[in-house]
Amino acid sequence: MNQNIPITATITTEFPLVSARLNGVEEYYFSQKLRQIDAMNQAGKKVINLGIGSPDLPPHPDVIETLHEQSALPQNHAYQNYKGSPVLRKAIAAWYQQWYDVQLNSDTEILPLIGSKEGIMHICMTYLNSGDDVLIPNPGYPTYKSAAQIAGANIHAYTLEEKNDWLPNFEALESQDLTRTKIMFVNYPHMPTGRLPTREMFEKLIAFAKRNQILICHDNPYSFLQPDFSGLNKPLSLLNIEGALDVVVELNSLSKSHSMAGWRIGFLSGTEKRIQEILRFKTNMDSGIFLPLQLAAAKALQLEEDWYISLNKIYNQRRKKVHELLELLNCTFSKEQAGLFVWAKVPAKYIDGFQLSDQILEQNNLFITPGGIFGSAGEKYVRVSLCTPEEKLEEAIQRIKINN
């Protein structure tokens with residue numbers, strides 16, 4: 001064989017070429033911003049990051065102990081059932097029954113996920129074809145848009161406004177051509193605004209979906225994080241509304257409610273037909289969830305009311321500190337917000353939330369999230385995370401006071 005054959009071809013373009021499905025899909029904002037903050041910290045700036053909602057509190061000790069015990073068993077390290085452990089599915093069903101008054105069949109109506117973010121992509125890839133329309137909240141979680149775009153769908157934002165309490169305007173929605181709309185993403189308690197759902201709005205949503213034959217994907221990770229949480233004031237699931245299972249799949253997660261963000265445990269609830277459809281896609285994407293993680297998650301879902309009350313107590317104290325910080329910045333906000341953030345309108349002297357965010361990052365080594373990353377309707381707002389200890393929040397307050 002001639003080993004000296006010259007290679008004459010010249011590569012004149014970047015190789016390999018990025019697929020067309022990534023057109024218009026940008027790198028996640030926080031991925032970029034964290035690099036900037038990391039560079040500032042390396043330069044000795046000591047930035048206080050109040051941007052990302054990554055819980056800094058640990059899970060319950062019993063959950064950690066379960067993971068430790070189950071990880072030590074040799075038989076627990078094999079590939080797992082694509083549908084998840086029956087132990088976890090039964091725990092999810094019991095949790096939905098106890099807290100949401102929703103009865104689910106653990107064998108057929110629940111699908112554990114590697115975090116609910118995975119579920120968003122699975123739903124889009126299962127149901128969307130090129131050219132289909134998807135309704136995305138504005139402001140809203142950026143992953144809804146990017147997942148739908150990757151699936152080839154057309155994005156149609158529905159605007160949420162403060163004057164309408166950040167609830168959908170169904171009259172405006174039905175004035176549009178909805179004939180090609182297949183999915184509507186909904187998220188209450190809403191991120192980023194913290195707006196709690198009302199039963200009346202959920203009922204209107206179900207009726208709207210049925211009239212227009214639209215699948216509602218309800219993303220529900222924040223329902224256990226609300227200022228006046230108690231066993232008497234139970235969280236609300238969209239599946240609790242009569243007829244919801246006909247038109248709804250609901251995502252939930254242990255990331256926020258159980259301080260298990262890095263564990264990547266979420267789940268999807270819907271009819272047996274929907275679960276089987278989505279499972280067809282999911283089985284080609286992963287090989288199941290590490291069994292000790294599933295068993296620890298089942299333990300987390302069995303925690304008593306005291307866990308949720310104690311968690312909310314900590315976040316409520318932090319929320320007061322964030323209110324103090326935002327008042328120093330002359331921002332306006334509602335004190336009735338749920339979730340892990342406080343959403344606030346910036347003073348009129350700022351062009352938008354980006355300007356305020358950039359200013360305090362430069363002047364105070366303090367990062368808060370500009371609301372514009374959640375859509376054009378968020379441009380005049382900022383979002384501040386509660387995932388920082390009180391002493392750090394107090395330090396942030398003092399930094400603002402020094403430069404005021």
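**From one residue to the whole chain**

Ser116 has its place in helix 4, in a model that is predicted. With a relative accessibility of 11%, Ser116 counts as buried, because the cut-off for that word is under 20%. Once its neighbours within four places in sequence are left aside, Ser116 is in contact with Asp219, Leu251, Asn252, Ser253, Arg264 and Gly266. The C-alpha atom of Ser116 is separated by 22 Å from that of Leu34, and these two residues are 82 apart along the chain.

Helix 4, which spans 116–127, is also among the elements that cover the buried residues of helix 5, together with strand 3 (133–138), strand 4 (154–159), strand 5 (181–186) and strand 6 (215–219). Which residues of helix 5 are buried? In this helix, made of residues 142–150, they are Thr143, Tyr144, Ala147 and Ala148. If you look down the axis of helix 5, its buried residues fall within an arc of 125 degrees, and therefore they line one face of the helix. Helix 5 is followed by Gly152, which has a positive phi near 95 degrees.

Another cis peptide bond runs from Met191 to Pro192, with omega near 25 degrees, and Pro192 belongs to the loop between strand 5 and helix 7 (199–212).

A positive phi is also found in residues other than glycine, and one of them is Trp166, with a phi near 60 degrees. Trp166 sits in the loop between strand 4 and helix 6 (170–174), and with a relative accessible area of 8% it is buried. Asn365 is not a glycine either, yet its phi is positive, at about 50 degrees; its loop joins helix 11 (353–364) and strand 10 (366–367), and Asn365 is buried with a relative accessible area of 17%.

Stepping back, we find 12 helices and 12 strands in the chain. Its radius of gyration is 23 Å, close to the 22 Å that the globule rule gives for 404 residues, so the chain is as compact as a globular protein of that length. Of these 404 residues, 53% count as buried. Among contacts between residues at least 6 apart in sequence, 75% join residues at least 24 apart.

Methods: Residues are numbered from 1 along each chain as its sequence is written. This is a predicted model: local features need pLDDT of at least 70, side-chain atom pairs count only at pLDDT 80 or more; totals for chains, interfaces and linings use all residues. Side-chain values use heavy atoms; hydrogens and water are left out. Buried means under 20% relative accessible area, exposed over 50%, partly exposed in between (1.4 Å probe, protein chains only). Helices (H or I, at least four residues) and strands (E, at least two) are DSSP runs, numbered from the N terminus. The arc is that of the directions from the helix axis to the C-beta atoms. Contact means heavy atoms within 4.5 Å. The radius of gyration is taken over C-alpha atoms; the globule rule is 2.2 Å times the number of residues to the power 0.38.
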